Amino acid sequence: MSAESKEGYQVHEWESLKGPFNASYGKVMMWYFLISDTFIFGAFLIAYATARMANVSTWPMASEVFNTLPGLTGHGYPLVFVSFMTFVLIISSVTMVRAVQEGHMMNKMGVVKFLIPTILMGLTFLGCQYLEWTHLIHEGMTMWHTPFHPAGSEIGSNQFGMFFFTITGFHGLHVITGVSINIWLLVETLKGRFEVLGNYGMVEKVGLFWHFVDLVWVYVFLAYYLL
Amino acid sequence: MDHMSQGEYQQGKKDVYRTTIILSIVTVAEVLGSIAYEHFVDGTRWPLMLFVTAMSIVKAYWIMKVFMHVGHERKGFVFTLLFPFVFLVWAIICFSAEGSHIHVMRDSLNGIFF
C-alpha cells in the first residue's frame, strides 16, 4: 500500500514526509554531520592542547607571533588582523541568518540580497588567511619549523607551525567549501528553484554549515590566539 | 516548510541584530582584555584563560541559539546535539593532563641519556 504520492514520489505506508523532531530530514542530517565534524576539529584541537601542555614553557606567545598588519611595517599590532578576520566571519554569519529569514518569507530578492555579502565576506576571510599564511611563511614559519621559540629550547615547540597550518588549513578548506556552496545556492535562488519547490529549506541547511564554520573559527581563534 | 508570520519575521530580525551586538561586545572584550592583561600582569595566566574560555562558550551559546535556530528546536533534539560535547570536554581535560604530565616527566628525565 502506498499513501498519497507527492509530485510523483511514491510514499510507503510507514514512511512519513515529515522528519524527526518536527524538522526536515535534511536539516537533521546536516546537524548530525556538523556534530561529527565538530569531533574532527575537536580531535585536532585536543592534539594541539596535548602538544602545547607538553611544551608549555617554550611555546611561542601568540601576541608576539601575530602582531603585524599586511602592508604595514613594525610589530606593534598584536592580534589586530586576526580580530578583523573574526569580525568578518561573524558578520557573514549575520547576513546568512538574514538570508534564511528572508527565505522563510519566500522573499527571493531578499535571499539574494543577503547571500551576496555572505559570499563576499567569505572570500575576504580567505584572502586574509592567505595574507596571514604567506606572511608567516616569509618570516620562516613552516609546517616543520617555528622560528619564534627561544633559542636552544625544546624541539617540541617547533610543532607550533605544524598545528597552526594544519588546523587553520583544515578550517580554510571548510570556508572554501562553504563559499562554493553559497555561490551555488545564490545561482539556484536566482534561477527560481526554491520558488518552484515552495520552500527555502536549502538556504537554512547551508546556513547551518556556514554558522558551523564561524563557530569553529571562534574556537580556533580561542585556542591559538587567545589562550 | 511552514512560512512565518510578519510578527515572527520582525521579531526574528530584532533577535539577530541584538545577538550581533552581544557577539561584538564579547569579542572586543576578549581581545582588549587579552592584550591589557598581558601588558599589566606578568605571572599567573589562568584568570585570563578562564575568562576567554568562558567568553567563547557565551559566543557559542548565542550563535547556536539564535543564528542556528537551536532555541526554537524541540528539546529532545537539542539534547541529542549537546550531549556528545560531554565526551569532548572529557577528552580535553584528559589530554591536557596527559600533555602536562609529559612536560613534567620530560623535565625530570632531562640529561639522563643526552
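This is a predicted model: local features need pLDDT of at least 70, side-chain atom pairs count only at pLDDT 80 or more; totals for chains, interfaces and linings use all residues.
Of the 114 residues of chain B, 13% count as buried. Chain B holds four helices and zero strands, and from the N terminus on its elements run α-α-α-α. Its radius of gyration is 21 Å, well over the 13 Å that the globule rule gives for 114 residues, so chain B is more spread out than a compact globule. Along the principal axes, the C-alpha trace of chain B spans about 75 × 35 × 20 Å.

Within chain B, consider helix 1 and helix 2. Their axes are 10 Å apart and the two helices pack at an angle of about 165°. An angle over 145 degrees counts as roughly antiparallel, and helix 1 of chain B and helix 2 of chain B are therefore roughly antiparallel to each other. Their crossing is left-handed. From helix 1 of chain B, the residues that meet helix 2 are Asp15(B), Val16(B), Thr19(B), Ile22(B), Leu23(B), Val26(B), Ala29(B), Glu30(B), Gly33(B), Ser34(B) and Tyr37(B). On the side of helix 2 of chain B, the partners are Leu48(B), Phe51(B), Val52(B), Met55(B), Val58(B), Lys59(B), Trp62(B), Val66(B) and Phe67(B). Sorted by class, this contact has 14 nonpolar, three polar and three charged residues.

His69(B) has 19 other C-beta atoms within 10 Å and is partly exposed; a buried residue would need 20 or more.

The two chains also touch each other. In this contact, 40 residues of chain B meet 42 residues of chain A. Helix 1 (6–40), helix 2 (46–67), helix 3 (75–82) and helix 4 (85–109) of chain B each supply at least two residues of the side that touches chain A. Helix 1 of chain B gives the most to that side, with 12 residues. The residues of chain B on this side divide into 21 nonpolar, 12 polar and seven charged.

Turning to chain A, Asn22(A) is found in the loop between strand 2 (9–12) and helix 1. Asn22(A) is exposed, with 12 other C-beta atoms within 10 Å.

Helix 1 of chain A packs against helix 5 and helix 7 of chain A. The axes of helix 1 (residues 25–54) and helix 5 (residues 159–191) of chain A come within 11 Å and cross at roughly 165°. These two helices are therefore roughly antiparallel to each other, and their crossing is left-handed. The contact is made by Phe44(A), Leu45(A), Tyr48(A) and Ala51(A) of helix 1 and by Gln159(A), Phe163(A), Thr166(A), Ile167(A) and Phe170(A) of helix 5. By class, it has seven nonpolar, two polar and no charged residues.

With helix 7 (residues 201–226) of chain A, helix 1 of chain A packs at an angle of about 15°, the axes being 10 Å apart. That makes helix 1 of chain A roughly parallel to helix 7 of chain A. The crossing of this pair is right-handed. Helix 1 of chain A contributes Gly26(A), Lys27(A), Met30(A), Trp31(A), Leu34(A), Asp37(A), Phe41(A), Leu45(A) and Tyr48(A). Helix 7 of chain A contributes Gly201(A), Glu204(A), Lys205(A), Leu208(A), Phe209(A), Phe212(A), Val216(A), Tyr219(A) and Ala223(A). The classes here are 12 nonpolar, two polar and four charged residues. Leu45(A) and Tyr48(A) of helix 1 take part in the contact with helix 5 and in the contact with helix 7.

Helix 7 of chain A also holds Asp214(A). Asp214(A) is buried, with 27 other C-beta atoms within 10 Å. Leaving aside residues up to four places away in sequence, Asp214(A) touches Leu89(A), Ile90(A), Ser93(A) and Ile63(B). The C-alpha atoms of Asp214(A) and Leu89(A) are separated by 5.8 Å, although the two residues are 125 residues apart along the chain.

Notes
Residues are numbered from 1 along each chain as its sequence is written. Chains are lettered from A and ligands numbered from 1 in the order in which they are written. Axes are lines fitted to C-alpha atoms, for helices over the stretch in contact, and angles run from 0 to 180 degrees between N-to-C directions. Angles under 35 degrees count as roughly parallel, over 145 as roughly antiparallel, 65 to 115 as roughly perpendicular and the rest as oblique. A crossing is left-handed if the near helix is turned anticlockwise from the far one by less than a right angle, and right-handed if clockwise. Two residues are in contact if their C-beta atoms, placed from the backbone, lie within 7 Å. Ala, Val, Leu, Ile, Met, Phe, Trp, Tyr, Cys and Pro count as nonpolar, Asp, Glu, Lys and Arg as charged, and the others, Gly among them, as polar. The radius of gyration is taken over C-alpha atoms; the globule rule is 2.2 Å times the number of residues to the power 0.38.
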